[in-house]
Structures are given as C-alpha cells and as structure tokens.
Amino acid sequence: MVGLKRRSFLKAALVGSTAIFAASRAISQVNSLSEMGGAILNLSAITIFTAREVITLDPENPSAEAIAVEDGRIVAAGTMDEVQSLLGDQSYDIDTTFKDHVIVPGFIAQHDHPVLAALTMSSLILSIEDWDLPTGRSRALKDKNDFMTRLAAAEAEMNDPTEPLLTWGYHAAFYGPLTRSDLDTISTVRPILAWGRSCHEMVVNSAAMQQSGVTKELMDTWSKSEKMQSDYESGHFWEQGVFKVLPNIAPMIANPEKFHAGLGIMRDFMHSKGITYGNEPGGILAKPVQDAVNAVMSSPSMPFRWSFTPDGKSLIALTEDDDQVIKDTEALRDWYGGMTSMTERTVKLFSDGAIYSLAMQLREPAIGAYKGEWMMDQRDFERAFRIYWDAGYQIHIHVNGDAGLDRVLNTLEDNMLRNPRFDHRTVIVHFAVSAPDQVVRIKNLGAIVSANPYYVTALSDQYGRTGLGTNRADQMVRLGDVERANISWSLHSDMPMAPGDPLFLMWCAVNRVTSSGRIAGPTQRVSAEQALKGVTINAAFSHKVEGELGSIQAGKLANFTVLEENPLTIDPMKIKDIAVWGTVLEGRSQKVGEAIQEDARLPSADEQSGIDFAEKALNHAFSVVHAHL
C-alpha cells in the first residue's frame, strides 16, 4: 500500500478540518447554549469507505484502501491507519460494503446524447452489434435475411395493426440496401420505419408514407437538394430529405410517452455501466424537449449528473449580430436545474459529416460511391469559431475525416495568430481519420482529443473493404500517436453511436480488436491505465472540471465507480466483462438495479402536445449527429 505523500496529506488535513472550522464559525455566531447545541448537531457525518483496492489516479497517492467522505466530498484517501489518524477525535462511520470490490474514480460520459439514445433505445434494435439494456439483450444482426426475419417476428407480436413499428440499427454498408418494398413484405397496413445505424437516414414502408401524407406531389414542392436526398420509390430519406419529411413522420416515432420511457432506459443503462457524470455537446434548443428531459434527469434521485453544451451551429443561424449570439447562448442557462446544468462558457461546433454514413471529408477520395459532407459552411464555421473564441469559450468540434480536421486546425491556427489564448483546450471530437502530421499540429496548437475507439472495433473490417481501404481503416482513432505526442485525450461513446459503457470503450482502446477478431493498427493501442484516465480524469479535463471530478483526491466530489475486478491488472481482453456493482455519487451509494428512480415532475401539457413535441425531439436527435437544417 502506497502511503500518503506529505503534500497530499497536508492537503487532506486542510480539507478534513472543514467541519472543525465550520463549527467554530457557527458557534461564534450563536447567542445561547441551545443555539450552540443546534450548531454542533448540524455538523455533517464523516463516512470512511473501505475497499479491496482503491485506484485513485492521484499521481502522488495512486492507491489506497480507505476513503473518508464528508458532505459529499473526499476528505482523505490512504491506508486505514492514515485516514483514521488524520481524522483524530472527529467521529466517523466505517462503511465496509465494498470490502471485496475495487473502487475507481467515477466514470464520466464525455460525449453522449440522451434524446437520441432515448428514441433509439426504446425502438426495436436490430443493429451491427449486441446491445445489453435493462429491458433485455438484442444480439447483432447476421445479415439482411436475419433483419427481415426478426422484424417480421416483432411485427407479428403486435396487437394493434395500425401501431407504428420503429426499428433502429440497420447499416446498408454491412447488409446491403434496404427499400420500401422490403418493408412492405412485412406489412402493407402497419407503418414501419427503419432508422439507419448512422441516425442520418430513414427507410419507410408504403403504409407509413400513406399515413404521413408523403406523396410525389408533396415531394415535387421540395427544394432541389431536398429532392436529391430523397427517393420516393425506395422510401429512403437522408440528410436534408430526412429533415424535410420529419414533420410528417415524427408523430410515429417520438410520442411523449415513448420518449419518457426511453429516457428511463437510457438512465438505467448508463448507471449500470458506472457513469457518475455525463455531457451532451450540442445541447437541446427546444425548451419543450429540454423540459421533458428535465422531468426525468433533473430529479434528485438521478444516479448521475448531466450537463449540456450549447449548439453553436444553430445559435449563430438565429442572428447576424455577433454580440447577440453570446447573449442567446447564455440565456439557455435558465433551462436547467437539479441534476442537469449547462456547461460554463463552452460550445459545440461541427466540421464534416458522420463516419457511419461515410459522409466525412477526406484528403484522398473514398473507395466506393461515398460523398463527403460539410456540416457547416466554411463562412459559418469560421464566424462561429471567431465569436466564441473571442468570448473566451472552450470549443468542442465534431470532426471525422482528415480533410475535416484540416479545416478545424487551420481555423484554430488563424485564431491563435489573431487572438492568442492560453489553455483554450479546443477539443477534437470523434477523431476518426487523421494523419501523423495532424497529430503534430494538434500538439503545437494546444488542442486536445476526445476519441471514439469503437470505430475501430465496429468499422475497420468493413471499411477496409469499402470506404477507406485497409491502411486508413486500421489507423482510425490513432490514440497511440496522440499518447506518444503527450496530448491529453479522453474517450467517449457518442451514445448511441457506441454503447455508453466506459469499460467497453477502454477495452476497445486497449485491444483494438475488430469484429473479425484481428488487431487493427497495433501501434495505436494504449495502456489500460491511460484508457482508465480517458474515462475519468482526462474526460474531466476535457470539460474543465478536473478540479471537481476524475480522480480520488481530497477536496473533490466523492464520485466513485465500484467494480468487481481491477481493470489495470486483469487480462486486457477481459476489461469489458468486469461487472459493475454500482456507484457512489457525492457520497451516496447506489447499487445497480436497486436505486430508486423518481421523476422530477410530470411533463407539462406543452411537453405532451404530440406533433409539435415529436417534431422538436426528432429535430434535435438528427441535429446532434448531422446538421443540414
């Protein structure tokens, strides 16, 4: 057991004395013995949590066996003798619940989308990977025939023949094209909607088109680009076509009751994976939708806190007045409360398109009939970057292709030359395809990386055959190069783009094992310790909350994830299989499956307004993954 170093011990002593100093202040302000007694009785209790092992990620005190917690904050961590000695005569309770478990800093969901997750997770999941949810397990598809068989079986079990059936997860690059006629073989009466794995496209059957009023005559009134990204005969709508058809199909997908249930699934799933804090970059800009989210996620019984980062792309589109952009951004702060909040002076922007639809912008052409997309016009991107940069905001930027990354780095460099800033922590988000020279530029410009390592696991085999070719596909998410360059990096799932499971993300980054079982880009693998930092302290650093979260150190919030095994010493191939006991959130123990979940309040009448709510919810869901509004 590594003991407390002198500096850590002194820091712990200062924090651990909080109760004594607070009592002194309280007593000095009372006027009677009864008031003095009340002041003393109101002092908070101290709990010492013990565990088989504690991984602190505190470089001065990397492991411990006991953690003292007061008022939801860590007082000290070390051996039991050290912690007890530090507390002296202060009273405390010892909690041995975790004596056979391993405690690590609370997992952080660096970049996830609760609205999108709520809609997809509450649908019939037929996808390229397994999904283990509180509602049951959905195994990965084998092929298109497997999709059709399982979709037909699900349809046959439904009672009301007019009830819409929404499925999510089909990927044409894996299983071949899906068309309206395919879905019509399942039913010509029931509306069936197949939401693509990329969340960028939708295929609907004839009944859905008829019920929603989508006709050739209607589509003839659409703009040229909207018609180019729609196909009436195949019932296929993508990019701008999806947004155009959204008002028609939204009520079939996103009714308030289903949305509410989906948020509950998302909440319970993420708690089961040990998450204690999360963030949605590209926060909701429709208040009825945010209110509906708050109805679940702002409840005091929520097992984790959640923050939202404003969507700068949409905000700059509202006005040509640069000053008003910042005012509009800050005005969103009033939309949150309880366990939800808005990040401090942080914004999300978009560069190029999504990886799942191969719409990213590449330096060298894609292999196959794939076309890169820009999610913001260059003028808009540069304007938004300048406005938020000059206002001192931290900027998170969605980018997938190496040409998309060139745009980001060029813009960052231009602004650094024009208006230099220290510790700006511009975040390169997703980081799918990149080049070694870009890693050097990221380092030199002071940017950091938030990567999705699941791209390698899920896509390298298929994209080696089509889209990227072997070299680019195997070198996706080059975290080994980033680590060797001493660039801070974190991991995210972009749920539902990957399962919101930090242990699984660690496994992906450490092993880089593809769906076929081979290792893609072995030099880009990282250590288990670095991967753990990627879902804890580095994720906190990426949101500028490392002073509160991410490691087990005196003064920080008492957020822990409780595991059955040590992810740093277990066989790396077994990291994803480690069981999660639960979490401690600000001192409150929460076992998976036993936490009491209560809504903050019932959704209001405005939130339950049907068509308008459904359209706004879906509009946000599509907007967070692409942006052709």
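**Reading the model**

Mentor: Helices (H or I, at least four residues) and strands (E, at least two) are DSSP runs, numbered from the N terminus. This is a predicted model, in which local features need pLDDT of at least 70 and side-chain atom pairs count only at pLDDT 80 or more, while totals for chains, interfaces and linings use all residues. Residues are numbered from 1 along each chain as its sequence is written, and side-chain values use heavy atoms, with hydrogens and water left out.

Trainee: Is Arg 512 buried or exposed?

Mentor: Buried means under 20% relative accessible area, exposed over 50%, and partly exposed in between (1.4 Å probe, protein chains only). Arg 512 has 2% relative accessibility, so it counts as buried. Its phi is positive, about 50°, although Arg 512 is not a glycine. Asp 423, also not a glycine, has a positive phi of about 55°. Asp 423 sits in the loop between α18 and β19 (427–430) and is partly exposed, with a relative accessible area of 35%.

Trainee: How many helices and strands are there in the chain?

Mentor: The chain has 26 helices and 24 strands. Of its 629 residues, 61% are buried. The accessible surface, from the Shrake-Rupley method with a 1.4 Å probe, comes to about 23700 Å², and carbon and sulfur atoms account for 51% of that. A contact means heavy atoms within 4.5 Å. Among contacts between residues at least 6 apart in sequence, 75% join residues at least 24 apart.

Trainee: What should helix α17 span?

Mentor: The expected span of a helix is 1.5 Å times one less than its number of residues. Helix α17 (residues 378–390) has 13 residues and should span 18 Å; its end C-alpha atoms are 18 Å apart, which agrees.

Trainee: Which residues in α17 are buried?

Mentor: Phe 381, Arg 383, Ala 384, Phe 385, Ile 387, Tyr 388 and Trp 389 are buried. Their cover includes α15 (312–316), α16 (322–331), β17 (346–350), β18 (394–399) and α18 (402–418). After α17 comes Gly 392, with a positive phi near 80°. Met 375 and Val 399 are 24 residues apart along the chain, and their C-alpha atoms are separated by 9.4 Å.

Trainee: How do I read strand pairing?

Mentor: Strands of a sheet pair through backbone hydrogen bonds, either parallel or antiparallel. Here two strands count as paired if DSSP finds at least two bridges between them. Strand β1 (residues 46–55) shows both kinds: β1 pairs with β2 (residues 63–70) in the antiparallel sense over 7 bridges, and 6 bridges join β1 to β4 (residues 93–105), running parallel. Ile 48 stands opposite Ala 68 in β2, while Val 54 stands opposite Ile 103 in β4. Of the 10 residues of β1, 7 are buried, so the strand is largely enclosed by the rest of the structure.

Trainee: What order has the open sheet of 6 strands?

Mentor: The order is β6-β9-β10-β11-β13-β12, and the pairing is mixed. β6 (124–125) and β12 (230–231) are at the edges with a single partner strand each, so one side of each has no neighbour in the sheet. β12 pairs with β13 (residues 236–238) in the antiparallel sense over 2 bridges. His 236 in β13 is the bridge partner of Asp 231. Helix α6 (residues 144–156) packs on this sheet, touching β6, β9 (165–170) and β10 (192–196), and its direction makes about 160° with that of β9. The angle runs from 0 to 180 degrees between N-to-C directions, with axes fitted to C-alpha atoms, for helices over the stretch in contact. Helix α12 (residues 240–253) lies across β9, β10, β11 (201–204), β12 and β13, at about 115° to β13.

Trainee: How many disulfides does the structure hold?

Mentor: A disulfide is a covalent bond between the sulfur atoms of two cysteines; the cut-off used is a pair of cysteine sulfur atoms within 2.5 Å. The structure holds 0 disulfides. Cys 199 is buried, at a relative accessible area of 0%, and Cys 508 is buried at 1%.

Trainee: Which residues does a cis peptide bond join?

Mentor: Met 495 and Pro 496, with omega about 15°. Pro 496 lies in the loop between β21 (489–491) and α23 (502–511).
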